[in-house]
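I opened my notebook to look up a few things in this structure.

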Amino acid sequence: MELNVERPAAIAPRYVKQYLINFGFKVKTAAGAESATVQRSEWRDAGASVTVVPEALKPQVASGVSYRLAWIEVDGQPGSSAFTVSRPHDAHVVWDKYFYVKVTTPVGSASGSGWYLAGSTAKLELDRTVSGFLVENVFRMWVDDRDVECSNAAVILVDRPIVMYAVWDKDYAKALALAGGLSASGIVAWKRKEVIDTISTFT
């Protein structure tokens, strides 16, 4: 700082008290909130008003991952988006972390697709487990996008974005049984006709 002095003057410095404010975010899952991530720190004058902008303090979004605002936390306690500087402060935006679960099936329809809080569970269901008339489609199991097999009545832990596939088998038992029955009926009818024709030649 430079001053142009044209006459004698008494110059006294004026000090303003400032406090350090840490701005960051916390990510919350079904297990609770994780440790804070500080994105920036700023010196603010004592008595100044500070406004927390949630969108400026948000984790990086990835495919199949979503964040929803839970609350704003000032000095470890839920607070409003605006506060007055009275000491060093920690201002954090708390976000709920969600993963997307996609459920697919080539037969019928499936339920369970949607956004789930990280660390929670999702229940996968089918509207049917057997489909078809003579050749039946029979549900066998669930398999995820990493080829991990799950039980028939699947309840999965949502710890990442997941794609679940319903695996079905073909059951030919009824078709084969019917085919065997028709084949036997044909043989009996043929033999009966042969006997009748033979008798007719003697009369």
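**Ground rules.** I call a residue buried under 20% relative accessible area, exposed over 50%, and partly exposed in between (1.4 Å probe, protein chains only). The model is predicted: local features need pLDDT of at least 70, side-chain atom pairs count only at pLDDT 80 or more, and totals for chains, interfaces and linings use all residues. Residues are numbered from 1 along each chain as its sequence is written, and side-chain values use heavy atoms, with hydrogens and water left out.

**Entry: Val135.** I looked up Val135 and found a relative accessibility of 33%, so Val135 counts as partly exposed. I placed Val135 in the loop between β13 (130-131) and β14 (136-144). Strands are DSSP runs (E, at least two residues), numbered from the N terminus.

**Entry: salt bridges.** How many salt bridges does the structure hold? I recorded eleven. The term means a side-chain nitrogen of Lys or Arg within 4 Å of a carboxyl oxygen of Asp or Glu.

I checked Lys58 with Glu55: their closest N and O atoms are 3.8 Å apart. Lys58 is partly exposed at 25%, and Glu55 is exposed at 57%.

Next I took Arg140 and Asp169, which meet at 2.9 Å, N to O. Arg140 lies in strand β14 and Asp169 in strand β17 (residues 162-171), so this pair ties together parts 29 residues apart in sequence. Arg140 is partly exposed at 39%. Asp169 is partly exposed too, at 33%.

I also found a network: salt bridges with shared partners join Arg40, Glu42 and Arg44. Within it, Glu42 bridges to Arg40 with the closest N and O atoms 2.7 Å apart.

**Entry: Asp144.** Is Asp144 buried or exposed? I read 9% relative accessibility, so Asp144 counts as buried. Asp144 sits in strand β14. Its side chain reaches the backbone nitrogen of Val148 at 2.8 Å.

Conventions:
Helix = DSSP H or I, 4+ residues; strand = E, 2+ residues; numbered from the N terminus. Polar contact = N/O pair within 3.5 Å; in protein donor to acceptor, adjacent residues only side chain to side chain.
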